[in-house]
Number of protein chains: 2
Amino acid sequence: MEIKVVRKVLDVNERMAEQNRRRFAEKGIFVLNVMSSPGSGKTSVLVKSLQHMMPEIRPAVIVGDICTSNDADRLSVTGSPVVQVNTDEFGGDCHLAAHVIEKAAEDIDLDAIDLLIVENVGNLVCPAEFDIGEDARAVVLSVTEGEDKPLKYPLMFRECNAAVLNKTDLLPYLDYDIKAAEENILQIHPDMPVFKMSAKTGEGLEPWIEWIKAQIRAKKTVCKD
Amino acid sequence: MEIKVVRKVLDVNERMAEQNRRRFAEKGIFVLNVMSSPGSGKTSVLVKSLQHMMPEIRPAVIVGDICTSNDADRLSVTGSPVVQVNTDEFGGDCHLAAHVIEKAAEDIDLDAIDLLIVENVGNLVCPAEFDIGEDARAVVLSVTEGEDKPLKYPLMFRECNAAVLNKTDLLPYLDYDIKAAEENILQIHPDMPVFKMSAKTGEGLEPWIEWIKAQIRAKKTVCKD
């Protein structure tokens, strides 16, 4: 009985994710689901990325946290529309589900954006299990977190389309083998692009921005056809 | 129906946790459930702690990860008995449950230890929801993770009995307000002991070790009565 119910919940989520995906595709919007551990610097990466992309790219962000609107407050300074979701309103969920994205998207003018970024709840496990109707997924890993995280949390790295290795400005002060970290990522997901950067200094941001822009262009081309 | 099933799972877990708790109490063992985000330095804190406590204290460790035995390998160098649990064998669980601890404890000689440390799966959300039969819970937070984590993941900080602020050796290189972090912890859980330390340098380890030793002594006193 338990297995059946879990299956049912996932089926419902999958159906809603497909609905979201169709809706965003109709509008030519590229949807990027950004996931990581708590404290990897997701919000800092996104703030810097939005500042670099705007106004050429017109983004919006849905940001998920169990509590607080801290991340939405930080993202709002970019001028991008931001919708904060607090999962404690429905039980403190450890991830965002498709129906939450559908509801949050009601507060966004989908005709006025090219890019919808979903900053998921800080968690390297559960969010990878839930399709929210995104086009691509990115995982942010801080270099303070150790080189073995891809091997310990393989689903996340298997499910993502790009990885960001953040906080490279701290490398001189860490016993961290960034080459080993990258090799571990590629062992789980060969050919995945790995972007090494410091959101704090801005170093290494450019290739990541170019990757996002290329995805947006590809989406617009597909949607026009 | 869904709610009923979830309720049932939690009821079963609670019953098994109580069984574990009784069994460990009979043996006079203090059980500490250590939780954190991935990459906070839990394993490093525990390696250093075991080295400081042994042989005065006789510990054992159950370490949970989705994949790999990296943490068990690192913990084993202390000479402490270590049991690695890989949750990918039963679906990639994002936390340890009471029945997992019961099974893992079968591989430990409970007559030969005073302290059982459970290093939970790296996740600041879900492990806090599962009683495993522990006596106390500790959360490890790295100073690279930002000051606001207690406010964003309040359940974890509410449920724990002690907090470790790790990686203080990196403070000179971070824009991190350790006083604000401590205030945020105390806002969620007033009077919770907060141990600031660097597992790397060993600085600040002593008060944390003393806290654990006091818990072990208290447990032995209660169990003798």
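Me: Which side chains meet in a salt bridge, D71(A) and what else?
Reply: D71(A) meets K152(B), at 2.7 Å from N to O. A salt bridge here is a side-chain nitrogen of Lys or Arg within 4 Å of a carboxyl oxygen of Asp or Glu.

Me: Before I go on, what kind of model is this, and how do the labels work?
Reply: It is a predicted model: local features need pLDDT of at least 70, side-chain atom pairs count only at pLDDT 80 or more, and totals for chains, interfaces and linings use all residues. Residues are numbered from 1 along each chain as its sequence is written, chains are lettered from A and ligands numbered from 1 in the order in which they are written, and side-chain values use heavy atoms, with hydrogens and water left out.

Me: Back to the salt bridges. How many are there between chain A and chain B?
Reply: Six.

Me: And how many residue pairs are in polar contact there?
Reply: The count is 13 residue pairs, both residues at pLDDT 80 or more. A polar contact is a pair of N or O atoms within 3.5 Å; within protein, one must be able to donate a hydrogen and the other to accept it, and residues adjacent in sequence count only if both atoms are side-chain atoms.

Me: How much area do the two chains bury?
Reply: About 3000 Å² between them, with 60% of it on carbon and sulfur atoms. Buried area is the accessible area (1.4 Å probe) that two parts lose on being put together, summed over both.

Me: New topic. In what order do the strands of chain B form their sheet?
Reply: The order is β3-β2-β4-β1-β5-β6-β7. That is seven strands in an open sheet, with parallel pairing. Two strands pair if DSSP finds at least two bridges between them.

Me: Why is one side of β3 and of β7 in chain B left without a neighbour?
Reply: β3 (82-86) and β7 (194-196) of chain B stand at the edges with a single partner strand each, so one side of each has no neighbour in the sheet.

Me: How many bridges join β2 of chain B to β3(B)?
Reply: Five, and the two strands run parallel. G64(B) has V85(B) in β3(B) as its bridge partner.

Me: Which strands does α2 of chain B lie across?
Reply: Helix α2 (residues 42-53) lies across β1, β2, β4, β5 and β6 of chain B. It runs at about 165° to β4(B). Axes are lines fitted to C-alpha atoms, for helices over the stretch in contact, and angles run from 0 to 180 degrees between N-to-C directions.

Me: What joins M54(B) and P55(B)?
Reply: A cis peptide bond, with omega about 0°. P55(B) lies in the loop between α2 and β2 of chain B. In chain A, a cis peptide bond joins M54(A) and P55(A).

Me: Last one: what is phi of K167(B)?
Reply: Near 65°, a positive value in a residue other than glycine. K167(B) sits in the loop between β6 and α7 (178-188) of chain B.

Key:
Helices (H or I, at least four residues) and strands (E, at least two) are DSSP runs, numbered from the N terminus. Contact means heavy atoms within 4.5 Å.
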